Number of protein chains: 2
Amino acid sequence: MSFLTPYQRKHKVTVIGSGNWGTAIAKIVAENTASNPAIFEKDVQMWVFEEKVEVPKTSPQYNPSSPLCQGPQKLTEIINKTHENVKYLPGINLPTNLHANPSLEDSVKDSTILVFNLPHQFIIKTCEQIKGKILPYARGISCIKGVDVREDGISLFSETIGKILGIYCGALSGANIASEVAQEKWSESSIAYDPPHLDSKAPSPNRSPSSSTLDVVHFTHKDVSGQLSQVKLQALPSEYPPIDHAVLKTLFHRPYFHISVVSDVAGVSLGGALKNVVAIAAGWVEGMGWGDNAKAAVMRVGLLEMVKFGEMFFGATINTRTFTEESAGVADLITSCSGGRNFRCAKLSIERKQPIGKVEETELNGQKLQGTLTALEVNKFLKNQGVEEEYPLLTAVYRILEGTMSVEDIPSYIER
Amino acid sequence: MSFLTPYQRKHKVTVIGSGNWGTAIAKIVAENTASNPAIFEKDVQMWVFEEKVEVPKTSPQYNPSSPLCQGPQKLTEIINKTHENVKYLPGINLPTNLHANPSLEDSVKDSTILVFNLPHQFIIKTCEQIKGKILPYARGISCIKGVDVREDGISLFSETIGKILGIYCGALSGANIASEVAQEKWSESSIAYDPPHLDSKAPSPNRSPSSSTLDVVHFTHKDVSGQLSQVKLQALPSEYPPIDHAVLKTLFHRPYFHISVVSDVAGVSLGGALKNVVAIAAGWVEGMGWGDNAKAAVMRVGLLEMVKFGEMFFGATINTRTFTEESAGVADLITSCSGGRNFRCAKLSIERKQPIGKVEETELNGQKLQGTLTALEVNKFLKNQGVEEEYPLLTAVYRILEGTMSVEDIPSYIER
């Protein structure tokens, strides 16, 4: 991508988080900043929660005579010297312009684009820590899958981030298994980004940042529970290339990672949550040996309930085609129902005649299944809204998990 | 389903065709006529192309002392005596009210509902044979998968049947593997039925069939190539229950076979053709070991091209939600990309480094792959319309089959 009008400043990009998905996304971003020097500063900061780790003997980076391999070392030092995240993304070479930074505040300093890629329980704490220490006109992209469903409402992680920091934040989600993306196996993803109008007007490079009346807008948002919140949003100075769909595509798109940029943040985020519930049902059906027809039926009904959920609770702010046509929708659903962990544990629970919680304990190394938790939260929310019966598949999954319905009842319960 | 107003006459149903899918559908239909005596005559005729077969020694019907097992016998006699189609659907008990009939003309006599379930090369010949010998106000349902794509246009098999016979014909299609349906494994299917208005008005049981001006309409149809055709359609006499969505659901829906009745005949039919081309691409991707993300990406792009194809060539007569929400659309696509024969042969062709035609020869026992043929026909049609480049996945499959592109080129070629 080339810009005919040169801008005085370039975007500095920071990735906040360095698990397997955080590191895989940081790799992509750093590859793209290096190849688009007109738009981005080459160096990308990646905030790493500092811990001491040993370089595993199986790692290509292991060298018994190296000081790095004499007992536990700081993870940031290992990453910066070996260009490999030996703990969370072993075996993958990272670009040399990607810098691991143990200081959260230092890593976000002067960055115009903040990419969030953390487990969701750390979002609020992390944002509180950098509040007021970032550029007031920075923009965010949340790569955190799913939404936060509570009994009285649903909030998008991107909005939680945006509200705390006083910035606009979009979302990235798709049919992406981190290890496959890191190995540069081809996949697709969706970015949703729809800031208020002050960013969407093509700014003139010669316009002074203070000469426009559009430099600050009050961005009002009404969430599902009806709560209003307002963010005072500051315009990006015109010295920078505008942060629009084209720039985001340039930052995230790779020959092996195809990006489509859309405007539907709620749809892109919601798909990533609800598909895990559907994947549990698909795993049960496969475990029962009911065949491909039945599995496809469960996936189809699940997709319909995702569409209906979006229409009912997000109304006109959602585009139902996000579910049926985007990577964050139907493709992510297909991948999750093919071999994701919710699918696998549900299938095993039938084959072993064990509760899914038991399978979770023995198979997931202490990690938790997202789908069972989401099924519970979504059910509480639907009950509270008085529409539990209108979502027979989501409700069936909840009831089977609770033990008040059996897998054999699914076909008759979801019959239309 | 119950009717408060009793009608003087009941519907007689005939299934034309007795392969594995024809027999499975005939089983369903006969089960439903038996349990809905207010609407249907109990006995269902199934036309069987007569041939002499031996009852296999492995069949539960085999009894060395029975006259039926002394050498080759007529298939219709075996079916009517043993209630099993030992040749095309072995091991499945058929309802005793299903009657195999070797005479095509006799089987359709006096029937108001004709269910077509034949290989498509026999449609025209079979229809020509019964033309003028059926009730003029009969209605048809075509269970024949796919559409007839030619360089200059696309015709629906249901329309071909309707035009030859001068009747209205709808379509049934879904994620249905005949053997699984026959075993009563749960699945779903879609029926599309949208006759001109003379059938949609609820008729009065007391109205004489000749007292209405709506008894005959000229049903004009314009196909994709712009050709107009007109069918003189005769109204169903009011002695019969109207043939509407509710009656069709009663005839085809079972606890193990869930039916949704819609109006979009073109969408339901088109999905069944194009998904085979997508399944070939999915098989290649799986054969390459590119992982679930990549396979989901190909399926997503395929689904989008199905939607686009429908919108471009059928315009307002198609409902794009048929592709993304119906069993005949997204669910059939998922099933076909999970283990259908097009998928399997394409996967094997990569693993064995053989052309797909060679795999087809060794794996399919002389049967032909539908997907390769459809890919070729669809490409000719798209070229003729000047829009080949707008369908990169369909075009890539064609070019790879022709040897002018390689599977490795798919990601970059379909990049958006």
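Predicted model: local features only at pLDDT ≥ 70, side-chain atom pairs only at ≥ 80, totals over all residues.
Reader: OK, how many residues of chain A are in contact with chain B?

Author: 45 residues of chain A touch 45 residues of chain B, where contact means heavy atoms within 4.5 Å.

Reader: And what area is buried between chain A and chain B?

Author: About 3800 Å², with carbon and sulfur atoms giving 56% of it. Buried area is the accessible area (1.4 Å probe) that two parts lose on being put together, summed over both.

Reader: How many salt bridges are there between chain A and chain B?

Author: Four, taking a salt bridge as a side-chain nitrogen of Lys or Arg within 4 Å of a carboxyl oxygen of Asp or Glu. One joins Glu188(A) to Arg300(B), with the closest N and O atoms 2.6 Å apart. Over all chains the count is 34 salt bridges.

Reader: Where do Arg300(B) and Glu188(A) sit?

Author: Arg300(B) is in helix α10 (residues 291–314) of chain B, and Glu188(A) is in strand β11 of chain A. Helices (H or I, at least four residues) and strands (E, at least two) are DSSP runs, numbered from the N terminus.

Reader: Which element gives the most to the side of chain A that touches chain B?

Author: α10(A), with 14 residues. The residues on that side divide into 19 nonpolar, 14 polar and twelve charged. Here Ala, Val, Leu, Ile, Met, Phe, Trp, Tyr, Cys and Pro are nonpolar, Asp, Glu, Lys and Arg are charged, and the others, Gly among them, are polar.

Reader: Switching to symmetry: what rotation superposes chain A on chain B?

Author: A rotation of 180°, with 0.0 Å of shift along its axis and an RMSD of 0.0 Å. The two copies are thus related as by a two-fold rotation axis. In chain A, the C-alpha nearest the axis belongs to Thr324(A), 2.9 Å away.

Reader: Why do the copies meet through the same surface?

Author: Because 100% of the interface residues of chain A are also interface residues in chain B.

Definitions and conventions. Residues numbered from 1 in each chain as written. Chains lettered and ligands numbered in written order. Heavy atoms only, no water. Least-squares fit on C-alpha atoms with pLDDT ≥ 70 in both.
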